[in-house]
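Hi,

Here is the structure I promised to pass along. Have a look at it first, and then read on for what turned up.

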Amino acid sequence: MNKARIATTWLDGCSGCHMSLLDIDERLVELAEQIELVYSPLVDTLDFPEAVDIALVEGAVGNEDDLKKLQLIRKQSRLLVALGDCAVTANVPAMRNAFKLEEVLRHVYTATASSQLQLPKEEVPPLRDRVRPLHAYVEVDLFLPGCPPPSEAIFFLLSELLAGRIPDLSAKSRFGA
Amino acid sequence: MNHSPASRNSQENTPPPRILTLQIDGQDLSGRADETILEIARQNKIHIPTLCRLDGLSGHGGCRLCLVEISGQNRPVPACLTYPQEGMVISTASQRLQDYRRKILELLFSERNHVCAVCVSNGHCELQELAVELGLSHVRYEYLHPRLEVDGSHARFIRDPNRCVLCLRCVRVCAEVEGAHTWDVMGRGISSRVITDLNQAWGSSQSCTACGKCVQVCPTGALSEKGTSVAEMIKHRHFLPQLLAMRTNRRE
Ligand code: SF4
Ligand code: FES
């Protein structure tokens, strides 16, 4: 049997959803036999590969790099899962949307800084004006809310997908779970 | 604002209420003419989602989650404010109603900043529970992210308009049960806000008795007790039926 090609990544998030993924614990071994992890913060690959079966995306779209990555992921994955509240609602990262971007930058890099820092311009991707959820930019196939989604829910999601079923996730997690 | 539902039958020598027959979701039922479609549905274990409705307070009809369809009428009506008529045929869960209800929830979520993960009411919130109940996996509308100030001026309570759904339970419980009428509504449509006294800091309100009834009936984290952190605000609503029952007994 061909192993399912799985990719995971985080954009504007805290990596908590990936922690929850790892919390699946020993059942990860069970999953590992059926999958090939082709891209993830947990493996070494640098470039997002082609022909991915399932992409789990944590985090919202907050900067230009997030958006570029997301568009590539969408192009090269059969199923895209918005994993967790930041991906689904933009959640905490979007709390800056109530303020102007310049205000946010000034506040973080100068007003509250202990030393004379400057606004970062090089080597970091520019922030976008507003933080938005994944489905504001690309088609999302499945939404698993939660901050983070319980590992039980992530396990259910993956096992159902691997069994060739599109799971009903409504009772498995909720916003803020 | 309507008068309290408790007063509907309180006059003496009123004739016994008329009993009507009607149909809800294919079930033949009977119900009193002075009870709303929502009440009759509940007595028959037919669940209709609600948000602004709270037993013991007057009907408001603001949230529209309880919309039902009546045969022969094109426009859905709120079950919490509509009284039955003889032979009415009502449906509570059509595809159209479920779509409307989900859209209403999506609009509520997108209109303010309901960041469940960092909310005092996380896990004890009626808005959050409705999202689960109605299978809302994501919000299709653009989030508005309005900039709203939290009011921490009161000695015991906090008002966070970011989480307010304009159910007006606070307004009603304060006016109808506490009798203080500290709360009211300002503005229209999307710019409506609940305010204390003449739109001043809650802590400076002269009419507020600090009874906390508004906090307990608020369905979300919009009103909370000071000192509660994420997910710690658990509301206690049992005071309301108890208090109202005690008052009715005294009157009799
Ligand atoms: S503050 Fe709470 S009780 Fe008052 S209108 Fe807003 S959500 Fe309803
Ligand atoms: S519960 Fe009927 S309109 Fe809100």
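Before the surface figures, one definition: accessible areas come from the Shrake-Rupley method with a 1.4 Å probe, and for residues only the protein chains shown count as cover. On that basis, chain A has an accessible surface of about 9,300 Å², and carbon and sulfur atoms account for 52% of it. Please keep in mind that this is a predicted model.

Let me stay with chain A for a moment. It has six helices and seven strands, and if you walk along the sequence they come in the pattern β-α-α-β-β-β-α-β-α-α-β-β-α. The C-alpha trace spans about 55 × 35 × 30 Å along its principal axes.

As for the inside of chain A, 46% of its 177 residues are buried. Take the contacts between residues at least 6 apart in sequence: 79% of them join residues at least 24 apart.

One residue in chain A to look up is Asn91(A). You'll find it in the loop between helix 4 (85–89) and helix 5 (101–111) of chain A. Is Asn91(A) buried or exposed? Its relative accessibility is 6%, and the cut-off for buried is under 20%, so Asn91(A) counts as buried. Leaving aside residues up to four places away in sequence, Asn91(A) touches Asp85(A), Cys86(A) and Cys147(A), along with Val115(B) and Ala117(B).

Now over to chain B, starting with helix 2 (residues 95–111). At 1.5 Å a residue, its 17 residues should span 24 Å, and the end C-alpha atoms are 24 Å apart, so that agrees. Buried residues in helix 2 of chain B include Leu97(B), Arg101(B), Ile104(B), Leu105(B) and Phe109(B). What covers the buried residues there? Strand 3 (67–70), strand 5 (89–91) and helix 3 (126–133) of chain B are part of the answer.

That brings us to helix 3 of chain B, where Glu126(B), Leu127(B), Gln128(B), Leu130(B) and Ala131(B) are the buried residues. They pack against helix 2 and helix 4 (169–178) of chain B. After helix 3 of chain B comes Gly135(B), which has a positive phi, near 65°.

Further along chain B, have a look at Val185(B), in strand 7 (residues 183–186). With a relative accessibility of 33%, Val185(B) counts as partly exposed. Apart from residues up to four places away in sequence, Val185(B) touches Leu168(B), Val171(B), Ser192(B), Arg193(B), Val194(B) and Ile195(B). For Ile195(B), which is 10 residues along the chain from Val185(B), the C-alpha separation is 5.9 Å.

Last stop: Arg188(B), in the loop between strand 7 and strand 8 (193–196) of chain B. Arg188(B) is exposed, at a relative accessible area of 74%.

Enjoy exploring!

Conventions
Residues numbered from 1 in each chain as written. Chains lettered and ligands numbered in written order. Predicted model: local features only at pLDDT ≥ 70, side-chain atom pairs only at ≥ 80, totals over all residues. Heavy atoms only, no water. Helix = DSSP H or I, 4+ residues; strand = E, 2+ residues; numbered from the N terminus. Buried < 20%, exposed > 50% of the residue type's maximum accessible area, 1.4 Å probe, protein only. Contact = heavy atoms within 4.5 Å. Expected span 1.5 Å × (residues − 1).
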